[in-house]
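Student: I have just opened this entry and would like to go through it with you. Could we start with the loops?

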Amino acid sequence: MDTTNRCNVIIVYADDLGFGDLSCYGSHRIHTPNLDRLCAEGLKFTDAYAASAVCTPSRYSILTGRYPFRNNRAHILPGDAGCIIDPGLDTMPRLFQRAGYRTGIVGKWHLGLSDGSAPIDWNQEINLTPIDLGFDESFIFPATADRVPCVYVEGRSVVNLDPQDPISVSYDWECPFDDIPTYHKNPELLKMKSSHGHDMSIVEGIGRIGYMRGGRKAIWKDEDLAETFLDRAIRFLEDSHRQNQPFFLYYAVHQPHVPRVPSPRFRGATALGPRGDVIAELDWCVGELLKELEKLGILEDTMIIFSSDNGPVLDDGYEDRAYELNGTHRAAGPLRGGKYSKFDGGTRIPFLVSCPKLVPRGVSHALIGQMDLFASFAHMLGMDLAPDSAVDSQDMYAALIGEDPVGREELMVEDLTCGKMLRSGNWTYLSPSQGAPFMKEVRIETGLSKDPQLYNMDYDIGQQTNVAYDYENAVKEMEERLRKILESDRTR
Ligand code: NG6
Ligand code: CA
C-alpha cells in the first residue's frame, strides 16, 4: 500500500462559527491571523456545508458519514441524554483505528453518553462514551457549555469526582433540589444574565439549562475551558508523536457558543465584546496547535481541517452585548439567516483544509459536505468501507486535495425543524414547511415558508429573489431528488 498519503489528521470543529466570522472569509472587525495562515497555506472552500443548522445532527453526521434523518434522535440533546450513536455503527475514528492510527477526541461531545438503559449516574463509570465509538483517548464535556453537568469527562469518568460531594443532574421542569442556587431564586449570584432560557441552575455565576447539584471540585471554570482543551489536544499530539504513531484528533472547541467567557487575556481582544473575544481566543488556540506541530516537526505531515458545526447566532440566550457591539460585522458574511435556519447562513460554514505535502494553496468552490470526510479519508488511507458504513458519505478526496474543482452533484442539509434544503449545482431549493419565518428571540430568519423557494446562488448568494415560480419544472425535480434521498436505503 502506498503510505505516502498517510498523514496525521486533525479536525478543528468550532461551535456556531459563521461563514463571515474569520478575516480570511471577509471579516474586517475580527482578526484571525492564525486561521488566516492556515487558509493561506491551504485550500479555502466556499461551498462547504454542515449537515444541519444545529449541533447534534451535524456532529452525528460528521462522525458517522450519515445524514441526520437516519437517526430520529439526532436533535439538540439535553446534557443527560443517552448516546445516540449505536455502538455497532462504524465511525470515522474507527476507520482511523483500523488504519493503525491513534485516535483522540478533545472538547465538546453533545451526542449523549451511556447506553440509555438507565439514567446516567455521574459518580460511576459511564458505560458508553467516545472510547466505545473508536476514540482511544477522550477528554470531553458532555453537551454544551450552557447545559449541566458543567464537568469534564475523561474516558468513562467525570474528572475530579469527590465521593463526599456526589453529582446529581435533572432536566425536569421543576427543580428537584431545594439546596442549589437557581436563576429565579438567587439572581444576586449571576455574573451574566440570560436573555432567554438558561434560567435553571446557576453554575459559576451563569444560568444554565438543567439542574445540577454537587460536584463542586469537578465543575469547570468557564474562563479555563479553552486552555484546558488546548492543553489536552497538545498532550495528545505529544503522546502520539512519542509513541511514533500516526494520529487522528477531533478537536471540538466550544467557541463561540454561549455562554461566551473568554480567558482574561482575551477579554477586550476585539471591539465586539465576548463573541468577538472568544473567536480571537479560538484563533489563538489554532495558532498554538500549529506551533506545537512545528515544534514536533510534523506540520508538513498533518492535514488540518477547520470548520464549524452550524452557522452563527448573536443572541443565543445571554446578555453579552453581541448585538450592540456587532457594528458592521456580518457573522454569516453575505449569506441569509444563521444558526437554526434553512437559508445558507444556517449550514454553509468556513471550511479550510491544509496539508503542506498534499494540498495546494488556493480557493475551491467544490460542493462538499462535512459527512464526506469519512469516505474521503477512507480513500486517503487506502481502506475499503463496508456497504453499511458511512452510507451518505461521498469520496471527495480529490476535492480535498484540490484536484476536483466541482465536488458533489447535490447535497441535502436540514434546519432546526428538520426541514430540508437541497443544494444542487448553483441552485438551492428550500422545500415548503410549516413554522414562523422569524425566530424572534434569536432574531434569525428561519427560511421556513409554506411556498417552495428556489435561489440561484451564482447571482443571488443572499437568497433574496425566490424564482421557484419561474422554474416550476426545476422545483418538481428538486422535490423528487429530495424524496429519493429521504427514501434511500440505509444499508446501500
Ligand atoms: C437552544 C439554546 C441555545 C443553544 C442551542 C443548542 C435556549 C433558550 N437556547 O435550545 O442557547 O444551547 O439550544 O446549540 O435554551 S447547539 O449549537 O448545541 O445546537
Ligand atoms: Ca453549534
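Tutor: Pro259 lies in the loop between β12 and α5, where strands (E, at least two residues) and helices (H or I, at least four) are DSSP runs numbered from the N terminus. This is a predicted model, in which local features need pLDDT of at least 70 and side-chain atom pairs pLDDT 80 or more, while totals for chains, interfaces and linings use all residues. Residues are numbered from 1 along each chain, chains are lettered from A and ligands numbered from 1 in the order written, and side-chain values use heavy atoms, without hydrogens and water.

Student: Is the peptide bond from Val258 to Pro259 cis or trans?

Tutor: The bond from Val258 to Pro259 is cis, with omega near -10 degrees. The bond from Gln255 to Pro256 is also cis, again with omega near -10 degrees, and Pro256 is placed in the loop between β12 (247-252) and α5. Most peptide bonds are trans.

Student: What about phi at His198, positive or negative?

Tutor: His198 has a positive phi of about 50 degrees although it is not a glycine, and its place is in the loop between β8 (168-170) and β9 (202-203). Tyr340, which is not a glycine either, has a positive phi of about 80 degrees; Tyr340 lies in the loop between β13 and β14 and is buried, with a relative accessible area of 12%.

Student: Switching to the metal, which residues are the protein donors of the calcium ion (ligand 2)?

Tutor: Asp15, Asp16, Asp309 and Asn310 provide the protein donors, which lie 2.2 to 2.7 Å from the calcium ion (ligand 2). Donors are N, O and S atoms within 2.8 Å of the metal, or 3.2 Å for Na, K and Ca, and a site may look incomplete since water is not among the atoms. Along the chain the donors follow the spacing D-D-x292-D-N. Asp15 lies in the loop between β1 (8-14) and α1 (33-40), and Asn310 in the loop between β13 (302-308) and β14 (351-354), so this pair ties together parts that are 295 residues apart in sequence.

Student: Are Asp15 and Asn310 buried or exposed?

Tutor: Asp15 is buried, and Asn310 is buried as well.

Student: OK, aromatics next. How many aromatic pairs does the structure hold?

Tutor: It holds 19 aromatic pairs, counting rings of Phe, Tyr and Trp (its six-membered ring) whose centres lie within 6.5 Å, with planes under 30 degrees apart called stacked, over 60 edge-to-face and the rest tilted. The rings of Phe45 and Phe351 have their centres 5.3 Å apart and their planes at 85 degrees, so that pair is edge-to-face. Phe45 belongs to strand β2 and Phe351 to strand β14, so the pair ties together parts 306 residues apart in sequence, and both Phe45 and Phe351 are buried.

Student: Which rings are linked into a cluster?

Tutor: Ring pairs link Tyr13, Phe96, Tyr101, Phe135, Phe248, Tyr250 and Phe377 into a cluster.

Student: And which charged end sits over the ring of Tyr323?

Tutor: That of Arg443, 3.8 Å from the ring centre of Tyr323, where a charge sits over a ring if NZ of Lys or CZ of Arg is within 6 Å of the ring centre and within 35 degrees of the ring normal. Lys44 lies over the face of Tyr25, at 4.8 Å from the ring centre.

Terms used
Buried < 20%, exposed > 50% of the residue type's maximum accessible area, 1.4 Å probe, protein only.
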